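Good morning, colleagues. Please look at the sequence and the model on the screen while I take you through a few of the side chains.

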Amino acid sequence: YVKVGDINSEIDILNMQIEESLFRWEEIQNKINELKSQIGIKATIKEYVPNEEYFLEKLDEMVEQAFDDQCTGSNPRYPLISEIKEMYLKAYYGGK
């Protein structure tokens with residue numbers, strides 16, 4: 001029973017460390033968003049390209065160009081086309 005208690009204590013410590021890391025990450029994101037606002041960078045692509053139909057019409061082409069970009073291959077993990085598309089959609093509509 002002592003070993004189970006020790007394991008549970010270690011799990012609790014790990015959970016607290018994860019929560020602290022997530023909190024710090026949220027703080028960093030908030031500071032980045034504040035800075036973007038201060039220097040005039042809009043929060044979403046939609047604020048730059050309000051015509052949703054046009055954006056969606058060009059989306060597949062942009063995804064393909066991003067996938068084929070020479071820098072994409074230097075990422076630690078090669079992204080799927082569907083993941084790039086999801087990133088564009090989140091960047092357009094806003095979201096995490």
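Is Arg24 buried, partly exposed or exposed? Arg24 is partly exposed, its relative accessible area being 45%. By these terms, buried means under 20% relative accessible area, exposed means over 50%, and partly exposed lies in between, with a 1.4 Å probe and protein chains only.

A word on the basis of these values. The model is predicted, so to speak of local features requires pLDDT of at least 70 and side-chain atom pairs count only at pLDDT 80 or more, while totals for chains, interfaces and linings use all residues. Residues are numbered from 1 along each chain as its sequence is written, and side-chain values use heavy atoms, with hydrogens and water left out.

Let me turn to the salt bridges. The structure holds four of them, a salt bridge being a side-chain nitrogen of Lys or Arg within 4 Å of a carboxyl oxygen of Asp or Glu. In general, side chains of opposite charge can pair when their charged atoms come close.

Arg24 takes part in one of these, with Glu20 as its partner and an N to O distance of 3.6 Å. Both residues belong to helix H1, residues 2-39, and because they are four residues apart there, about one helical turn separates them. Helices are DSSP runs of H or I with at least four residues, strands are runs of E with at least two, and the numbering starts from the N terminus. Glu20 is also partly exposed, at 43% relative accessibility.

Glu86 is partly exposed at 41% relative accessible area, and Lys90 is partly exposed at 31%.

A further salt bridge joins Glu83 and Arg77, at 3.0 Å from N to O. Here Glu83 is partly exposed, with 24% relative accessible area, whereas Arg77 counts as exposed at 52%.

Finally, I would draw your attention to the loop between H1 and H2. Which residues does Thr44 contact, leaving aside its neighbours within four places in sequence? Thr44, which is found in that loop, is in contact with Ala91, Tyr92, Tyr93 and Gly94, where contact means heavy atoms within 4.5 Å. Thr44 is buried, with a relative accessible area of 15%.
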